[in-house]
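Please read it alongside the model.

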Amino acid sequence: MAGPRIGVLGGTFNPVHLGHLLIAEEFRERLALDRVLFVPAAAPPHKGDRRLADPLHRYAMVALAVADHPAFAVSDLEFRRPGPSYSAVTLELLAGELSGSLLYFLMGSDTFLDLPAWRTPERLTTWATVAVAHRGGVSFDPASPAAAAVLARLGRPAWRRVPPEPWSAIPPGEVILVETASLPVSAREIRRRVAEGRSVRFLVPPAVADYIAAHHLYADPER
Ligand code: ATP
């Protein structure tokens, strides 16, 4: 029998917001995932210049956000090792820890277009199927030369698409474009609103809004 189907959503989660939770839920449903693991990056190599809340705060906010979803969980894997968080290494470690599982590396279309700047992106498909959702509020043309270049970098000639293809017809290690709903929400916009003293209700789960206020996160304007 095939092993559990695990989605892996990496990110800075600075902070986690409803855009993350909605695509995670959409991926879970569309790809029949048994679990979605949120993996906050301790030291993201690409966002080093960005004002980041302490990793423990970001982890705690994800833990609060996923607490009432039986299929969602948070992983501390990237906190358990020193140095920058490289996703190919994270996936390899997860593949070892969760041996027998089928891994799906989940991402929004903005992250997909960034992949060529990552360390060894071609290794991602050794460990997981790469699943991409069109991120709300950000333009993305899956037929563009930019998207084709990323597919080529990942060693795939073309997208597999769900639907029309059923998830069960797609072998592991492919790059798939998944039709999902998504929200035009970004962590940057949330940080900006908090710094301006504005409400972030209905953009983050209530427990996350309370946590941000209680710990005075994002109070200073970002440069
Ligand atoms: P920032 O605004 O600080 O850059 P972010 O909102 O993009 O942060 P990340 O933690 O960098 O959040 O994102 C983690 C993953 O979630 C990425 O793959 C990203 O594409 C995806 N994602 C983030 N926001 C959305 C959204 N609103 N809809 C769909 N996917 C999203």
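Strands β1 (residues 5-11) and β4 pair in the parallel sense, over five bridges. Pairing here requires that DSSP find at least two bridges between two strands. Helices (H or I, at least four residues) and strands (E, at least two) are DSSP runs, numbered from the N terminus. The model is predicted: local features need pLDDT of at least 70, side-chain atom pairs count only at pLDDT 80 or more, and totals for chains, interfaces and linings use all residues. Residues are numbered from 1 along each chain as its sequence is written, and side-chain values use heavy atoms, with hydrogens and water left out.

- V8 stands opposite F105 in β4.
- L9 stands opposite L106 in β4.
- L106 also has a bridge partner in β5, namely A131.
- β4 and β5 (residues 129-133) pair in the parallel sense, again over five bridges.
- β4 (residues 102-108) is mostly covered, with six of its seven residues buried. Buried means under 20% relative accessible area, exposed over 50%, and partly exposed in between (1.4 Å probe, protein chains only).

**The sheet**

- Seven strands form an open sheet with parallel pairing, in the order β3-β2-β1-β4-β5-β7-β6.
- β3 (72-74) and β6 (160-162) are the edge strands; each has a single partner strand, so one side of each lacks a neighbour in the sheet.
- From one strand to the next, the twist averages 30°. Axes are lines fitted to C-alpha atoms, for helices over the stretch in contact, and angles run from 0 to 180 degrees between N-to-C directions.
- Helix α1 (residues 18-30) packs on the sheet and touches β1, β2 (35-40), β3, β4, β5, β6 and β7 (175-178). Its direction makes about 145° with that of β2. Contact means heavy atoms within 4.5 Å.
- Helix α2 also packs on the sheet, touching β2 and β3. The direction of α2 makes about 165° with that of β3.

**Helices α2 and α8**

- The axes of α2 (residues 55-66) and α8 (residues 206-214) come within 8 Å and cross at roughly 155°.
- The two helices are therefore roughly antiparallel to each other. Angles under 35 degrees count as roughly parallel, over 145 as roughly antiparallel, 65 to 115 as roughly perpendicular and the rest as oblique.
- On the α2 side, the contact is made by L56, H57, A60, M61, L64 and A65. On the α8 side, A207, V208, Y211 and I212 make it.
- By class, this contact has nine nonpolar, one polar and no charged residues. Ala, Val, Leu, Ile, Met, Phe, Trp, Tyr, Cys and Pro count as nonpolar, Asp, Glu, Lys and Arg as charged, and the others, Gly among them, as polar.

**Backbone exceptions**

- Most residues other than glycine have a negative phi, and most peptide bonds are trans.
- A cis peptide bond joins N14 and P15, with omega about 5°. P15 is in the loop between β1 and α1.
- F13 is in the loop between β1 and α1. F13 has a positive phi of about 50° although it is not a glycine, and at 1% relative accessibility it counts as buried.
- V162 and P163 are joined by a cis peptide bond, with omega about -25°. P163 lies in the loop between β6 and β7.
- T120 has a positive phi, near 45°. T120 sits in the loop between α4 (109-114) and α5 (124-127), and is partly exposed at 25% relative accessible area.
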